[in-house]
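Here are my notes after a pass through the model you sent over. Have it open while you read, and take the points in any order after the opening one.

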Amino acid sequence: MKLADNKATMSFSNGAPSVDLPVYQGSVGPDVIDIRKLYAQTGMFTYDPGFLSTASCQSAITYIDGDKGELLYRGYPIEQLAVNCDFMETCHLLLYGNLPNEAGKAEFTKRVSNHTMVNEQMQFFLRGFRRDAHPMAIMTGLVGALSAFYHDSTDINNPEHREISAIRLIAKMPTLVAMAYKYSAGQPYMYPKNNLSYAGNFMHMMFATPCEDYVVNPVIERALDRIFILHADHEQNASTSTVRLCGSSGTNPFAAIAAGVACLWGPSHGGANEACLNMLEDIQKMGGVAKVGEFMNQVKDKNSGVKLMGFGHRVYKNYDPRAKLMQETCKEVLTALGLENDPLFKLAMALEKIALEDDYFVQRKLYPNVDFYSGIVQRAIGIPVSLFTAIFSLARTVGWIAQLNEMIGDPEYKIGRPRQLFTGSVKRDVLPIAQR
Ligand code: ACO
């Protein structure tokens, strides 16, 4: 961290002595005020629920400028990565900090491919779930359970353990997601095929059956690969912060990633793509495009509790750059599958148009986020709505691991332990039960 030329001075209206606080500069983005010694110096904490103004760590992985609508992985704009690279190159970039050359990419891809199978015992574990279990309930369990299978790589403080766990997790997530799907469909699991690409192999495990040959459609393969790239990392969002906090206790990498999966499930985060598609289907049932105005009135009515899912973002106060790329992919996939007139896509376009022109959304800087289009793409591909968030977790795994490994390697890392402003009862005595 680089000290800035200026410092911050905090003064108090009650005459208590003011304190100087160091200011640090990043390579780009807002400076930070270092408040680590504030409690020791003043006996006070800072108060910031939801971390609206708090940098919880230093990181060199992903940079977002929410006002510009800019997203960089290790300095590279997401628009360039989505067009020029595939998911394996993106994983290499996030994990090791550089884009691989041909040989490096081949070597990394081979290492990942070597770990795509899961232990045969895993299917017995799956059998303990009801067939209608939500895939995210299954994923939370299966990812956590991986630590029971790989006793040789559970020491988070050992760089070799972290490395092999990273490869195993990236390799096995598609297998686990596909198994969760096949289990719910009552179909046999398909073993991975290592001659296919990462996305192609996932499609094979999802949609092939032992009864006939399955040919990967290159348009869909590329679309899935793009979904994976766009969701690979997003700096200190809720699930990534969860992974960091969980990992800060020294727990094993599989347990930390399972915590990330659990957090991602929520509809304000990864669950939004599922919620968005359910919303589109509900409006469709109400009457489709003709009912958009009525629905929008509900969204704007604070008492209705209705939100326009797939819109708004804590950081982006401009168009989410991933949403633009996903919109492109959406058109490509629908055209390739002959679904250009898909009513849900038309409905989504109508909602987007109205929202982008409506004062309510303009004033609050609410723009479509990546989930607005990713759900339509996934549905067109034939992925059931309830599996969307599990696919997000598959893609985000590399980001979680990169962030976890960065934290463990940071000499300033400590167990995460937020403090609180206590507003409960002051000390009181327990009365005997007859007197309460
Ligand atoms: N529909 C209607 N109003 C909205 C929406 C929305 N989707 N999002 C925000 N608002 C309104 C809020 O009601 C609030 O209005 P107010 O100032 O009059 O009270 C204002 O916009 C600011 O919103 P906040 O909730 O304060 O913003 P915050 O940063 O806390 O929330 C969030 C961001 C959770 C993403 C929110 O926009 C949301 O719930 N969106 C829908 C869910 C969604 O799509 N989530 C995906 C996030 S992206 C991802 O995880 C990949």
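1. Start with R222, which makes a salt bridge to D225, with 3.3 Å between the closest N and O atoms. Bear in mind that this is a predicted model. Both residues belong to helix α9 (residues 218–230), and they sit three residues apart, about one turn of the helix. Are the two partners buried or exposed? R222 counts as partly exposed, at 32% relative accessibility, while D225 is buried at 8%; the cut-off for buried is under 20%.

2. E281 and R379 also form a salt bridge, and here the closest N and O atoms are 3.6 Å apart. This pair ties together distant parts of the chain: E281 is in helix α12 and R379 in helix α17 (residues 371–381), 98 residues apart. Both ends are partly exposed, E281 with 27% relative accessibility and R379 with 30%.

3. Another link between distant parts of the chain: R168 is in helix α7 (residues 159–185), D152 in the loop between α6 (135–149) and α7, and 16 residues separate them. R168 counts as buried at 9% relative accessibility, whereas D152, at 46%, is partly exposed. For the overall tally, the whole structure has 19 salt bridges.

4. Now helix α13 (residues 292–300). Which of its residues are buried? They are V292, F295, M296 and V299. Looking down the axis of α13, these buried residues fall within an arc of 100°, so they line one face of the helix. The cover over them includes α12 (272–286), α15 (343–357) and α16 (359–363).

5. Last, the sheet. Three strands make it up, in the order β1-β2-β3, and it is open with antiparallel pairing. The edges are taken by β1 (2–10) and β3 (32–33); each has a single partner strand, so one side of each lacks a neighbour in the sheet. How many bridges join β2 (residues 19–25) to β3? Two, with the strands running antiparallel. To find the spot on screen, look for Y24, which stands opposite V32 in β3.

Key
Residues are numbered from 1 along each chain as its sequence is written. This is a predicted model: local features need pLDDT of at least 70, side-chain atom pairs count only at pLDDT 80 or more; totals for chains, interfaces and linings use all residues. Side-chain values use heavy atoms; hydrogens and water are left out. Buried means under 20% relative accessible area, exposed over 50%, partly exposed in between (1.4 Å probe, protein chains only). Helices (H or I, at least four residues) and strands (E, at least two) are DSSP runs, numbered from the N terminus. The arc is that of the directions from the helix axis to the C-beta atoms. Contact means heavy atoms within 4.5 Å. Two strands pair if DSSP finds at least two bridges between them. A salt bridge is a side-chain nitrogen of Lys or Arg within 4 Å of a carboxyl oxygen of Asp or Glu.
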